[in-house]
Amino acid sequence: MNNLESLKYFLPEIVLVGGAVFVVLFDLIAGRRKLIPYITLWVLVVSFYVSANMLAQGVDSSLFEGTVRLNGFTLFFKLLFCVAAGLTVLFSISKQKEHQGIEYYALLLISTLGLFILSSANDLLMIYLGLETVSICSYLLVASLKGTLKSSEAGLKYVIYGAMASGIMIFGMALFYGLYGTLSLPDLANAVTNTPKFGPGILTLSAALFMVFVGFGYKIAAVPVHMWCPDVYEGAPTEITAFLSVAPKAAGFAILIRFFFNLIPAVPELNIPNSAQFQNYWQTIMAVISVLTMTVGNLAALHQTNLKRLLAYSSIAHAGYILMGLVVLTQGGMQAMVLYLPIYLFMNMGAFFVVYIIERLTGQVDISEYEGLGWRMPFLGVLMAIFLFSLVGLPPLAGFIGKLYLFAAVIDAHWYKLAILGVLNGVVSLYYYARIVKAMWLNVPETAAPGAPRSALNAFDVILLLIFVIPVFVLGVWFTPLIQIINKALGLH
C-alpha cells in the first residue's frame, strides 16, 4: 500500500502525534497546566478506541510500501501500550505538583508512538526508528526529576548503555543488508532460505542475529545486557519506572517475536548440509539466555533491600520466563508470551503503585518501611501481598495462568530441562517476594502502633489500586476471553 493510502490506517499514531503537539500548544496558549494530564489521557483513550475498532474489523495490511505491518498482532500490542501509558498518566495525576514541566506528558505520548512503530515495524530501518524514538523519550523521562542526582545519574547511565546497545544492533542490521541486500523482514526470511552454501554466509548470519538480539535484549533487560536496569529503575520517578517495566519490555518482546519467529524457522529450509542443526543451535542459545536471565534476576533480587531495585531484578527474571516462549518457536510459545504481557502489566504496575504510595508517605523505598504495614494499612498490605503472590505465580491469581501457559508450551515442545529450571527459579523468587509479605504482616516494630496512619490513602489511590487488582483476580479464573482475543490477534484457531 502506498504512503497516501496508508495514512487512514495510521490513525492511532496520528492521534498520538497530534495529541503531543496539542498538549504543548495548549500549555503555551491557555496556560491551564492542570488540564494537561486529562487531555493526555483522552488522547490515549481515542488512540485505544481507534486501534480496538481496527482489531474488531480484522484489519490486515502492509503500509508505507511494506515497511509497516498492521494486523491483529500489532493492534493487540497497541492496545496494551495505550493501557500502560494511560495508567502511567493516572500515576502522575496524583503527584502533579511535583512534575517539572508539561513536556513530561508530550514525551509520554511520543514514547507511546515509538512503541507503536516498534511493534508494527516490518523493516530493519523502521525497527531502528521505533527503538530510538522510545529510547530517547525514555532517557529524558528517567532524568526528569530536576535537581535529583539519582535521576540524572540514572538518565546518563541509560543513555550510555542504550548507545552501546544501539551501535551493536545497527552493526548487525548492516551485516544483514550486506548479506541479502534488503531491509524488509519478509524479504530477509525468503533470502535466508536461499543462502548459497554452509560457510561464511551462515557464520555472518549468526553474528548478525546475535548483534540484533543485543538491541532487542537491551529493551527487555535480558542477560548480558541487563546491567542498566537496577540503577535506572531506582533513579527514575516511580511512575516512569512502572512504565519502563512493562511498556518498552512488551514492545521488545513484540519485535523479538516478529523478527525471530519469521527468520529462525526459515533456516532449516536451506537445501544445504547441517542447516536444520542451525535452528537447534539458536534455540539452545536462546534457552541459555533465558535461564541466565531468570537466574541472575532472581539471585540478585534475594539480597535487595530497596524495593525499586528488588522489582528491577524481578523484572529481569520475568523477562527470562517470557523468553522461554521464544525458545520453543511454536504457536503455543508465541501465544504464552503474548498472554503473559498484559497479566504482567497489571500485577507489576500494581506493585509499583504500592511502592509509590509508601514513598509518598515516608520518602523511602526500603523494605524496612514495610514492617507492620499490613496492620497499619490492611487494605494496602493485602493488595501488595496479592500483587507479589501473582508475580510468584501462585493460584488462583493471574500470574499463575501466565506461567502455566509458558511452562505448558515448553513441555509440549519437549524442553523439559528448561521447564525444570524455570520452576526452580520460581521457587527462588518466592523467597524474596515472601520476605516483603513477612515484613508487612509479621515484623511489627514496637514504635509503630497498629492502625496508626489509616487515613493516608485517598479515594484516587483506592480507585487506582482496584483498577490494578481486579484484573489480577479476574484473569486468574476467567481468562478465556483474553485467550480468544489473543488467538484472533495471532491468527490462531
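Before I look at packing, I note that contact here means heavy atoms within 4.5 Å. I also keep in mind that this is a predicted model.

**Entry: helix α20**

I started with helix α20, residues 480–490, and asked which of its residues are buried. They are L482, I483, I486, N487, A489 and L490. Looking down the axis of α20, I find these buried residues within an arc of 160°, so they line one face of the helix. What do the buried residues of α20 pack against? I listed α4, α14, α17 (398–412) and α19 (459–477) as their partners.

**Entry: α4 and α14**

I looked up α4 (residues 72–93) against α14 (residues 331–362): their axes come within 11 Å and cross at roughly 5°. That angle makes α4 roughly parallel to α14, because angles under 35 degrees count as roughly parallel. On the α4 side, I wrote down F73, F76, F77, L80, V83, A84, L87, T88 and F91 as the residues making the contact. On the α14 side, I have V338, L341, P342, L345, F346, M349, F352, F353 and Y356. How many residues of this contact are nonpolar, polar or charged? I get 17 nonpolar, one polar and no charged.

**Entry: the whole chain**

Stepping back, I counted 20 helices and two strands in the chain. For the overall form, I compared the radius of gyration with the rule for a compact globule: 493 residues would give a value near 23 Å, and the chain has 22 Å, which agrees. Along the principal axes, the C-alpha atoms fill a box of roughly 75 × 55 × 45 Å. I also checked burial, and 60% of the 493 residues count as buried. Among contacts with a separation of 6 or more, 81% come from residues 24 or more positions apart.

Is S120 buried or exposed? S120 sits in helix α5 (residues 103–120), and with a relative accessible area of 1% it is buried. Setting aside neighbours within four places in sequence, I find S120 in contact with T67, V68, R69, T74 and R258.

T148 belongs to the loop between α6 (124–142) and α7 (149–180). Its relative accessibility is 32%, so I log T148 as partly exposed. I then looked up T148 and G235: they are 87 residues apart along the chain, with their C-alpha atoms separated by 8.6 Å.

Where are the cis peptide bonds I noted? One joins V223 and P224, with omega about 10°, and P224 lies in the loop between α9 (200–220) and α10 (228–235). Another runs from P395 to P396, with omega near 5°; P396 is in the loop between α16 (378–392) and α17.

F64 has a phi of about 50° and is placed in the loop between β1 (61–63) and β2 (68–70). At a relative accessible area of 17%, F64 is buried. L329 has a phi of about 55° and is found in the loop between α13 (307–328) and α14. L329 is buried too, with a relative accessible area of 16%.

Terms used
Residues numbered from 1 in each chain as written. Predicted model: local features only at pLDDT ≥ 70, side-chain atom pairs only at ≥ 80, totals over all residues. Heavy atoms only, no water. Axes fitted to C-alpha atoms, helices over the stretch in contact; angles between N-to-C directions. Helix = DSSP H or I, 4+ residues; strand = E, 2+ residues; numbered from the N terminus. Parallel < 35°, antiparallel > 145°, perpendicular 65-115°, else oblique. Nonpolar A, V, L, I, M, F, W, Y, C, P; charged D, E, K, R; others polar. Buried < 20%, exposed > 50% of the residue type's maximum accessible area, 1.4 Å probe, protein only. Arc of directions from axis to C-beta. Rg over C-alpha atoms; globule rule 2.2 N^0.38 Å.
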